[in-house]
Amino acid sequence: MAVRGVDEKEEKKSYGSVFLLGSALLVVVTIWSFWDDNITRRPWKKYQAEFYRLDYRKARAAYDEENKKLAADPAYQELAKKLAAEEQSLEKGELAKKKKELESEEKKADVRFKDLDQEVKFIKSELEEAWYEHDHALQQGRPIKPYQEKIAELEARQKKLEPPVEAARQKRERLKEEIKKLESGVKDLKDQLAKMTGERDKWLTPMQNATLIEKPFVVYKIPSIKQVVLNEFDRNTFDQPIARVDRCQSCHMAANRAGFENEKQPFRTHPRREVLLADNAHPPEKFGCTSCHDGQGPAVSGVMKAHGEVAPGEHNYWEHPLLRGPKVQSNCASCHLNVQPFQDAPLLAQGQRTFEQIGCTGCHLVKGYEDIPKIGPSLKRISAKVDPSWMVRWIENPHKFRPRTRMPNFDFKENDAVAIAAFLWSLSKEEGDKWLQEHPMPAGVREGDKSLAPQGKALVESIGCKGCHGFAEGEFSTTVGKEKDLIPNLKDIAAKTGVRWIYHWIKNPRDYFPATHMPSLRLTDAEAAAITSYLTTLGAKAEPIAGIEERLADQKYIKRGESLTRKYGCFGCHDIQGMEKESRIGVELTTFGSKTLEELFFGNHTDIPNTWDDWTYNKLKTPRTYATERVEQVMPQFELADEDIKALRTLLAGFQDRKVPTRYLADHSQRAVQVVEGRRLMHQYNCIGCHEIENRGGFIRKYYQENPALAPPILNGEGEKVQSPWLFGFIKQPFGIRPWLQLRMPTFQLGDTEVNTLISYFNGLSRVEIPYAYFDEQKVPKEHLDAARILVTKDYFNCFSCHQQGEKKPEGPPEGWAPDLTLAGNRLSPAWIIKWLQDPQKVQPGTKMPSFFPGGPDNILGGKDDRQIEALRDYIMSLGRGAPAAEKPPAKPAPKGRVASR
Amino acid sequence: MKKISLWAFLLVGLVALPLSDLLAYTGGDVKDGGTISGTVKFAGTAPAPKKLEVSKDKEVCGKTAKTDQSLVVSNGNLVNAVVSITDIKTGKKIDTSKKVKLTQKECEYHPHVLAFPAGSTVEIENPDGILHNIHGYSKVNREFNTAQPKFKKTIEQKIEKPEAISIKCDVHGWMSGWLVATENPYVAVTDNSGSFKLTDVPAGSYTVEVWHETLGKTSQKVTVKGKEDAKVNFEMGKK
């Protein structure tokens with residue numbers, strides 16, 4: 001029947017094929033979407049599944065290997081056999097019978113005990129009831145006698161039952177014991193076997209951890225995201241703390257597991273796992289991986305995306321690409337304050353030392369490095385010091401005169417150099433002339449007089465000048481970076497300055513420049529004259545530049561010089577009159593490491609890859625390389641070694657000004673701050689030129705290889721060794737503790753604050769908890785002093801054969817002597833003396849002091865070594881405090897103890 | 001400093017590892033062994049030995065005059081040179097149960113050079129009755145510095161690994177000697193006539209090395225036949 005408007009044909013048309021196609025498509029799309037969602041977009045699943053297989057197979061193989069070993073071990077076989085026999089016997093044999101008997105007896109005993117016990121419990125209930133009735137009657141005024149009787153009767157019954165209950169209990173326990181004994185053979189054997197199979201069975205845990213079921217076939221664990229959330233670790237653009245999500249371990253599953261060292265990535269064990277990932281260092285479940293390695297922590301949709309790379313090692317457009325190899329060191333400083341001692345961050349440590357010492361902070365402000373003093377000499381009296389022609393050439397290019405100098409090359413034209421020299425000259429003329437008037441030509445040495453030079457050379461080589469300065473080509477002490485000298489080499493010093501200045505300078509450096517790091521060596525006039533004479537033979541006088549005097553006095557030059565000095569920021573490193581308050585001319589670098597590519601100006605370079613790394617490297621290599629016709633750049637050329645540039649870059653990359661929450665921070669205690677500050681000061685004064693400190697330095701020792709005993713003392717562990725008050729006095733006013741040394745500990749004329757900083761540094765390094773402690777002489781047992789007085793004699797340890805004792809000097813030449821023991825009471829820490837006497841070689845390898853212990857004499861203090869050592873400590877501490885070596889204590893009471901370190 | 005010592009360590013390690021593998025020595029019974037004997041001559045004229053100043057404990061140390069022992073030549077023969085076989089792998093047993101003796105008589109080491117197989121214990125005597133200390137500047141073995149006061153007549157020091165160790169007494173600066181520990185038991189020190197003898201050497205061809213504290217090293221190939229004496233003479237001079 002046809003209805004109008006309805007196309008019957010249309011109604012009857014079959015859409016089956018369309019539906020079929022549609023549902024087929026739906027099925028395909030559904031499958032595809034599942035596939036895409038679970039497989040394509042989750043590549044980490046593949047890795048995780050692969051890792052579970054790997055983990056299981058490795059553990060399985062190790063298990064089988066151990067199992068094979070056990071199978072081949074006759075001891076194991078025998079034990080296993082014994083156990084089987086014992087078990088057999090316990091189940092069916094002789095033992096089984098006995099066990100059965102015992103068990104049935106035990107059951108009976110148990111029933112008997114429980115019956116009796118129940119009876120007692122009932123009596124107790126009845127007693128409760130009786131007491132209630134009794135109390136009730138008492139309160140109502142009824143007679144209580146019947147109840148008293150009832151109670152007495154019940155108590156008697158209870159008492160009577162006590163022994164049989166106890167007997168029944170004991171019988172039951174005895175039987176239990178006996179059964180246990182019967183079984184103990186099996187238990188013992190099982191324990192023994194477990195010990196043998198421990199090596200094998202430990203592999204069961206990883207096998208279980210990698211699988212859901214192992215039997216009858218292996219089903220591996222289903223992959224799941226392994227994620228670490230570091231709350232408040234990062235900051236968003238509004239400086240609000242946000243969490244960091246780190247999913248690296250979804251693929252890198254063995255980073256913190258031993259035994260995967262030779263697997264391919266991502267399954268390899270971290271190469272420094274034991275040191276860096278250990279529980280007390282950076283457990284990855286707390287720190288994740290990105291806190292050191294960067295990368296895109298939450299990204300799991302592809303290896304390149306997670307690593308923040310375009311291709312392995314290429315990372316043009318990612319802000320936080322993965323840091324591989326030494327680059328990781330950059331991030332240490334985000335949480336650590338004291339990075340210098342890190343063995344795993346040598347590049348960072350070197351970069352930091354270079355940064356602090358090459359003068360970067362003169363022009364660039366960086367948080368945490370604000371207080372580093374200007375590294376160059378003062379120019380306030382420069383006209384009294386240098387030859388003007390030399391000065392012009394030096395300004396033109398300092399590297400020409402001293403390739404290893406820290407002063408960078410500004411690439412000035414001669415005219416500009418003259419202008420700057422003229423400005424500095426005019427500025428310093430008044431102060432300089434005044435200084436010259438006060439410091440006349442010395443009487444002991446004349447210009448050009450070489451007669452004293454050999455004597456001066458001998459002094460330079462013996463009193464310690466070489467701890468800082470070189471005096472010939474190739475001679476150097478402490479270097480900044482790889483090939484810069486911290487302290488100038490003086491091989492051409494005659495070209496720079498003359499007799500008058502040198503003489504007064506070496507006699508008292510702070511007189512010319514109050515903030516200098518050069519110390520006084522307490523030279524006599526004659527010594528200063530000899531050294532001056534020697535120094536003026538090093539190099540030739542500078543060739544004068546024609547008409548230099550007039551040009552230096554020319555107002556045009558002077559004016560131009562002033563503007564150049566301001567433009568190039570000379571005052572960043574040097575004290576210049578009237579420019580004390582100028583601010584740094586360079587950009588602040590506090591967040592330099594987080595600069596994005598848009599913030600870096602590549603100039604017209606198309607040859608430099610567009611990455612932070614490449615930009616920074618080339619900037620340090622050729623500082624003005626990004627200059628264009630329109631954009632001028634003023635940063636000077638330092639001519640750093642490639643290695644130094646990379647080290648500096650490592651440090652700079654870490655300049656992120658991160659605000660990491662305290663719980664992630666390493667030691668930022670006052671002690672850590674003091675160590676960092678003290679080390680900086682120690683570097684500035686170049687203590688490590690002579691002394692080995694923190695196992696670094698002691699550069700002067702290379703001149704004493706023949707006889708190391710004549711080299712300056714090694715100061716590793718100094719904080720633990722000496723008393724802080726003594727050290728304070730000694731640094732303030734050094735004196736010879738070791739009479740055999742020709743070297744002189746210089747007087748640095750440090751301020752109180754600086755000395756305290758150094759002492760806190762030494763104490764911090766040695767972890768000295770309490771710098772002041774009381775050594776009570778009154779409490780020293782007389783027995784100890786008596787014993788020690790015998791121990792130090794010739795018949796025993798003969799201490800004074802080498803040790804000086806006040807005025808009493810040992811026999812033989814001074815190089816065989818040892819420190820004055822009368823100084824020890826005020827100088828040494830009593831606890832250190834004990835450690836020292838126990839094993840001197842351990843405290844200071846190579847020392848001349850032999851070990852006397854173990855093996856003290858049998859007839860003193862019961863032959864006990866530790867008591868003898870304590871006695872010697874007490875004696876040494878009291879020596880030089882009024883109690884002479886082999887005499888009776890003085891009649892007058894000794895001072896009542898005193899403050900001593902620990 | 002650290003870097004250098006690290007490199008030195010690596011270098012020593014590199015050199016020592018394969019060598020120690022090659023030189024691993026096993027001892028056993030030697031039947032019909034031969035001997036190696038000869039003399040070590042000094043080339044050129046020997047300088048007159050330097051007199052040493054006894055500056056301390058003169059009542060004991062000053063009894064005899066002291067001369068520098070670092071180069072002793074008697075009638076053209078080199079005394080105190082250490083002769084050893086460097087490349088022998090099997091031979092007589094190493095007997096480390098027997099202690100080797102070093103005496104510090106009148107503030108001088110006797111003998112001046114003491115050679116023995118590594119693993120031996122040196123028994124150090126102090127008949128002087130004054131304080132000595134024995135300071136071994138070892139690099140391969142652990143450095144030691146032990147005091148030997150009057151009441152300790154003898155002390156013992158075991159030398160575990162092969163090494164020539166310079167020994168000094170820090171109390172008496174002039175005292176100097178050597179402890180030479182070797183890989184194998186074939187070692188001798190030349191006597192006053194510059195001669196030496198190595199016994200019980202299995203037949204074979206070996207490298208015989210002479211080491212002297214001042215003159216350094218020299219070596220020769222020697223072939224030993226059973227029950228026979230192989231003669232070999234050396235000559236050493238200042239380089």
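Trainee: Are α3(A) and α6(A) roughly parallel or roughly antiparallel to each other?
Mentor: This is a predicted model. The axes of α3(A), residues 43-72, and α6(A) come within 8 Å and cross at roughly 150°. Angles over 145 degrees count as roughly antiparallel. The two helices are therefore roughly antiparallel.

Trainee: Which residues of α6(A) meet α3(A)?
Mentor: Start from the α3(A) side: Y63(A), E66(A), N67(A) and L70(A) make the contact. By class, the contact of α3(A) with α6(A) holds 3 nonpolar, 2 polar and 3 charged residues. The partners in α6(A) are M196(A), T197(A), E199(A) and R200(A).

Trainee: What distance does α6(A) span between its end C-alpha atoms?
Mentor: Helix α6(A) covers residues 145-201. A straight helix of 57 residues would span 84 Å at 1.5 Å a residue. The span in α6(A) is only 73 Å.

Trainee: Where is the kink in α6(A) centred?
Mentor: The helix has a kink of about 40°.

Trainee: How is α13(A) oriented to α26(A), roughly parallel or roughly perpendicular?
Mentor: Take α13(A), residues 346-358, and α26(A), residues 642-653. Their axes come within 7 Å and cross at roughly 95°. Angles of 65 to 115 degrees count as roughly perpendicular. So α13(A) and α26(A) are roughly perpendicular.

Trainee: Which residues of α26(A) meet α13(A)?
Mentor: From α13(A) come L347(A), L348(A), Q350(A), G351(A), Q352(A), T354(A) and F355(A). The contact of α13(A) with α26(A) divides into 6 nonpolar, 5 polar and 2 charged residues. On the α26(A) side are D644(A), K646(A), A647(A), L648(A), T650(A) and L651(A).

Trainee: What does the packing angle make α27(A) relative to α30(A)?
Mentor: Helix α27(A), residues 670-684, packs on α30(A), residues 752-765, with the axes 8 Å apart. The angle is about 120°. The perpendicular class runs from 65 to 115 degrees, and antiparallel needs over 145. That makes α27(A) relative to α30(A) oblique.

Trainee: What is the hand of the crossing where α27(A) passes α30(A)?
Mentor: Residues of α27(A) in the contact include R671(A), V675(A) and M682(A). Those of α30(A) include E754(A), Y761(A) and L765(A). As α27(A) passes α30(A), the crossing is left-handed.

Trainee: Which strand gives the most to the side of chain B that touches chain A?
Mentor: 19 residues of chain B are in contact with 22 residues of chain A. On chain B, β13 (132-136) and β14 (144-148) each supply at least two residues of that side. The top contributor, with 3 residues, is β14(B).

Trainee: How many residues on the side of chain B that touches chain A are charged?
Mentor: The nonpolar residues there come to 6, and the polar ones to 6. The charged residues number 7.

Trainee: Which residue does a cis peptide bond join to K215(A)?
Mentor: The omega of this bond is about 0°. The second residue lies in the loop between β1 (211-213) and β2 (219-220) of chain A. That residue is P216(A).

Trainee: What is omega for the cis bond from H110(B) to P111(B)?
Mentor: P111(B) sits in the loop between β10 (109-110) and β11 (113-117) of chain B. For the cis bond from H110(B), omega is near -10°.

Definitions and conventions:
Residues numbered from 1 in each chain as written. Chains lettered and ligands numbered in written order. Predicted model: local features only at pLDDT ≥ 70, side-chain atom pairs only at ≥ 80, totals over all residues. Helix = DSSP H or I, 4+ residues; strand = E, 2+ residues; numbered from the N terminus. Expected span 1.5 Å × (residues − 1). Bend = angle between axes of the 7 residues up to and from the residue. Contact = placed C-beta atoms within 7 Å. Nonpolar A, V, L, I, M, F, W, Y, C, P; charged D, E, K, R; others polar. Axes fitted to C-alpha atoms, helices over the stretch in contact; angles between N-to-C directions. Parallel < 35°, antiparallel > 145°, perpendicular 65-115°, else oblique. Left-handed = near helix turned anticlockwise from the far one by under 90°.
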